[in-house]
Amino acid sequence: MRWRPQHVRTRLTLWYVGVLSAVLALYIVSTLLFVYVSLRQQLDERLRAEFERVEDRLAEPSGGTIGIDGHDEEGVPASLVEVWSPEGAVLYRSASLRGEALAPAWPTTTRDDWSFTSLRLRDGTPLRVLSHAYGVLGRRVVIRVAASEERLRHEWRELSVGLLFGLPVAVAIAGLGGHWLARRVLAPLGRMARRAERLTADNLGERLPVENADDEMGHLARVFNASLARIEESFAQLRRFTADASHELRTPLTAIRAVGEVALQEHQDPERYREAIGSMLEEVDRLSRLVASLLFLSRADAGPVLRCVKRGLLELARETAALLEILAEEKGQRIEVGGDDGVMAEVDGLILRQALINLIDNAIKYSPRGGCIRITVRTNSEGAASVEVADEGPGIPEGHRSRVFDRFYRVDTSRSREGGGAGLGLAITLWAVKAHGGRIELDSEEGRGSTFRIVLPALSSSTQSMPQERPRERGEVMRTVVILAAWLGFIAVDVRAQAPSPAGLDTNRIESLTGAKGALDEKEGVFKVSVPRADLAVTAAGVRMTPPLGLTSWAAFKRAGGHVMVMGDLVLLEDQVNPVMSVALDEGLEVTALHNHFFWDTPKVMFMHIGGSGEEAAMASAVGKVLAKIKDTAGGKGDVPHAEIDPSQTTLDTSKIEAILANKGSLGSGVYKVTIGRTARMHGQEVAATMGVNTWAAFAGSDQRAVVDGDFAMLESELQSVLKALRHAGINVVAIHQHMAGEEPRIVFLHYWGVGPTDVLARGVRAALDQTRHEGDRAR
Amino acid sequence: MAVHILVVEDETKVARALSEGLAREGYEVTVARTGEEGYYLLDARSFDLVVLDLMLPGRDGLEILATLRSRDRGIPVLILTARDAVEDRVVGLDAGADDYLVKPFAFPELSARIRALLRRGRAEQSSRLQVADLEVDVAARRVTRGGRILELTAREFELLEYLLRNRGRVVSREMLSRDVWKEAGRATPLDNVIDVHIARLRRKVDEAFDVKLIHTVRGVGFTVKEAAS
């Protein structure tokens with residue numbers, strides 16, 4: 001297997017060093033070559049000059065031999081000279097040659113040119129030899145001049161050694177520099193990777209740092225961030241959709257369950273059963289239709305298959321209007337269909353008809369009695385075909401206009417489902433029109449009505465069944481795809497249904513989950529839903545108390561880091577307090593106070609404070625369930641306990657109570673009372689049982705039918721579990737309040753009252769005691 | 001001899017409801033709770049019609065259907081599927097099913113489909129329909145009650161004809177939507193339209209008479225019969 005360094009940094013450095021070494025080696029070789037050649041040339045020039053000097057001094061002192069003036073005589077041989085006769089006899093030879101020939105023999109060519117050769121003397125001295133045929137003193141001779149190459153070679157060797165030793169040093173320095181540079185360039189990538197590693201479904205709102213928007217890294221980060229934004233949006237959409245869908249599914253399920261359970265509670269005559277089953281089947285029908293709509297949309301999302309044919313839109317509009325005309329007739333409304341008969345479009349009649357049915361159905365629903373619905377077909381200024389459905393309804397408030405096409409969105413949440421279905425109609429309409437490559441325009445004026453306009457592309461270009469995606473730079477897409485592929489795998493593993501990350505609150509979801517309308521206070525970052533108790537007719541000492549006079553339940557949501565906190569106040573009748581409290585506790589909310597607000601009010605109104613913190617959807621749905629319970633128990637449907645007990649006739653077995661509570665009490669006037677103290681400090685003093693810091697329970701009645709009445713003192717942190725324990729035993733909590741101020745630790749008090757078998761009540765009180773740390777509790 | 005229907009359905013509650021409902025309509029019903037059992041029963045006995053759930057433990061509904069078709073072409077098969085996708089239906093019909101129903105379905109719907117399958121090949125479209133003193137002459141498009149001619153719109157006439165052809169049985173809004181209004185999409189809400197038409201028809205047919213013929217069955221649909229029982 002080939003070894004590959006893991007880091008790009010190292011790879012880059014290695015490549016850099018490799019290439020640099022090769023370039024340097026090439027450079028050194030050519031430098032040495034060049035230097036060698038030029039040194040040789042210098043030597044050759046010198047030999048030529050020497051030759052000329054020798055030539056000038058040639059003399060023929062005695063017959064046959066040749067001498068050189070001044071040569072040899074000074075004993076300092078400027079050069080080595082040899083003169084040959086054409087016959088091959090040596091006419092002159094420098095003494096320093098010591099008889100050695102400068103060429104092996106008489107050169108075969110006697111051409112009249114300069115020839116250079118190299119040779120080595122017997123003692124190893126390298127020589128450079130210049131030979132030239134020359135006519136002198138009436139005959140031709142060959143003169144050879146030679147010089148030692150020793151110095152040349154020495155110089156060249158020194159240069160080579162210097163260069164070759166310098167090479168590794170240069171490469172090493174360059175390598176370090178390269179590494180540093182690579183590190184520096186790649187650093188933003190590392191930072192991006194580290195940031196990306198921390199991304200999960202929960203913090204998709206984070207973005208990669210863009211250090212320089214214009215360079216390659218910046219480009220990458222921007223592309224990445226853009227993809228991230230798209231993913232985040234899809235996630236948010238999915239979350240909203242899931243929350244809404246489960247809410248919509250839950251509503252009919254709740255109805256079916258409630259109707260069924262109630263019907264089974266007691267024996268009833270067959271007519272009542274029939275009624276109950278019928279009512280359940282109606283809900284099943286609603287559920288089935290909802291599922292069918294959802295399936296339709298989900299399949300639509302996967303990509304529509306349209307069977308398009310060219311057809312006249314006016315005819316289609318007439319056909320659809322005729323189908324629904326009877327509904328308009330019932331409301332004394334008119335449907336006017338008009339426009340240009342020649343407007344044609346490539347459409348899938350079945351699909352587009354659904355869009356039109358939804359629009360016309362809405363128009364009929366929202367227009368007042370005797371109103372008029374106008375459907376107009378025409379070609380607009382762009383040459384596109386348009387079908388307009390105008391109603392005379394109340395119009396759609398500005399803030400809602402962009403969202404009416406969202407799945408499950410309803411402008412008026414209280415209008416709910418009566419005829420409005422699940423809020424999917426317009427979503428289906430929008431999809432159907434988009435599938436045809438068209439769009440929907442909405443004009444609306446509050447109080448004047450709304451106009452929905454389906455605009456389909458002109459015939460020539462209407463063959464595409466899907467709107468074309470904006471063409472994007474190919475490289476960008478590829479790069480994004482590569483990084484995302486790796487990343488999505490990572491995210492997919494980490495997807496859990498947790499709190500959504502975007503800052504702020506999903507107010508639409510809160511409204512839909514709580515089933516209440518809200519208002520956003522941007523300054524405080526609080527979204528508050530409220531439910532006026534308009535169903536109550538409360539008078540306090542003759543004063544009619546209306547919802548603005550304090551009779552409004554509310555819950556306020558605020559984002560706190562990854563969680564959402566909620567606080568609220570609920571307006572309840574006496575019989576609603578405990579059922580609603582149970583729901584709140586079961587849903588993970590805290591109940592923090594319970595008190596009255598008026599005197600002399602009928603019916604008596606109580607106020608219950610709730611709070612909590614957690615995932616936004618969980619909090620909203622908890623509040624939604626609490627509000628639903630209030631609605632369900634309104635109008636006197638809460639459970640009112642009733643028992644006829646006279647303490648003077650008490651027969652209950654006190655030893656049983658004592659055994660269960662594990663604390664001893666005392667019986668007086670037919671009431672058996674147990675008091676358990678605890679201590680706190682106030683004003684530097686210890687306060688205990690007799691100062692009122694105690695929990696007590698008083699029992700009266702028989703073993704089968706008894707009343708328990710009491711007070712409970714506990715730490716703030718114990719309140720919720722005490723409430724749960726009491727509610728679990730069916731004991732009513734009638735007040736939650738403080739008693740002191742500035743005590744340490746802080747003690748809260750609650751009052752409770754319940755009727756039932758003695759042992760059940762006693763066990764309930766014991767279970768509540770078990771949630772606390774009463775110093776006086778013998779069971780501890 | 002009673003018509004014998006095999007119901008292959010693994011969901012206990014659905015199986016029991018189907019078996020009781022069909023038995024009440026006068027069919028003899030055998031229930032198979034697994035694909036294997038259905039396969040065995042089909043091999044061992046003869047049935048007039050099979051109601052087959054596509055998603056079964058053991059042997060898949062489609063497999064049973066394929067084997068059945070490779071042996072016997074004649075027996076009508078109605079498949080039940082929880083998958084609504086067009087491809088699933090096509091696969092079922094291609095495999096040799098005669099009709100399909102998507103869960104959740106209304107029982108009257110199932111009953112109507114079964115009747116249609118059993119009737120197949122036999123023309124039974126009588127042109128005169130009657131219930132009590134209400135008479136519908138389909139050919140002449142004339143409706144009389146107690147000898148008095150009732151003026152109906154075309155849609156009202158179709159609606160009444162459909163109700164009368166199913167007299168004594170309950171028809172759901174979905175059946176009306178599909179068979180009278182020819183509206184295929186389940187996501188299209190025509191319930192209001194149907195209800196208004198029924199109300200008008202009722203006004204014309206029943207208002208002036210003591211004996212009411214058109215009845216609403218809450219949560220299910222409508223029925224035409226002589227007396228409420």
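Let's start in chain B, where five strands form an open sheet in the order β2-β1-β3-β4-β5, with parallel pairing. Strands are DSSP runs of E, at least two residues long, and helices are runs of H or I of at least four, both numbered from the N terminus; two strands pair if DSSP finds at least two bridges between them. Because β2 (28-32) and β5 (99-102) of chain B each have a single partner strand, they stand at the edges, with one side lacking a neighbour in the sheet.

This is a predicted model, in which local features need pLDDT of at least 70 and side-chain atom pairs count only at 80 or more, while totals for chains, interfaces and linings use all residues. Residues are numbered from 1 along each chain as its sequence is written, chains are lettered from A and ligands numbered from 1 in the order in which they are written.

Strand β4 (residues 77-81) of chain B runs parallel to β5(B), joined by four bridges. B:Ile79 has B:Tyr100 as its bridge partner in β5(B).

Now to the cores: sets of buried Ala, Val, Leu, Ile, Met, Phe, Trp, Tyr and Cys residues joined through C-beta atoms within 7 Å, where buried means 20 or more other C-beta atoms within 10 Å of a residue's own, with C-beta atoms placed from the backbone.

| Core | Size | Some members |
|---|---|---|
| Largest nonpolar core | 75 residues | including A:Phe557, A:Val580 and A:Leu726 |
| Another core | 70 residues | among them A:Ile357, A:Phe408 and B:Leu176 |

Notes: A residue is buried if 20 or more other C-beta atoms lie within 10 Å of its own, exposed if 12 or fewer, and partly exposed in between; C-beta atoms are placed from the backbone.
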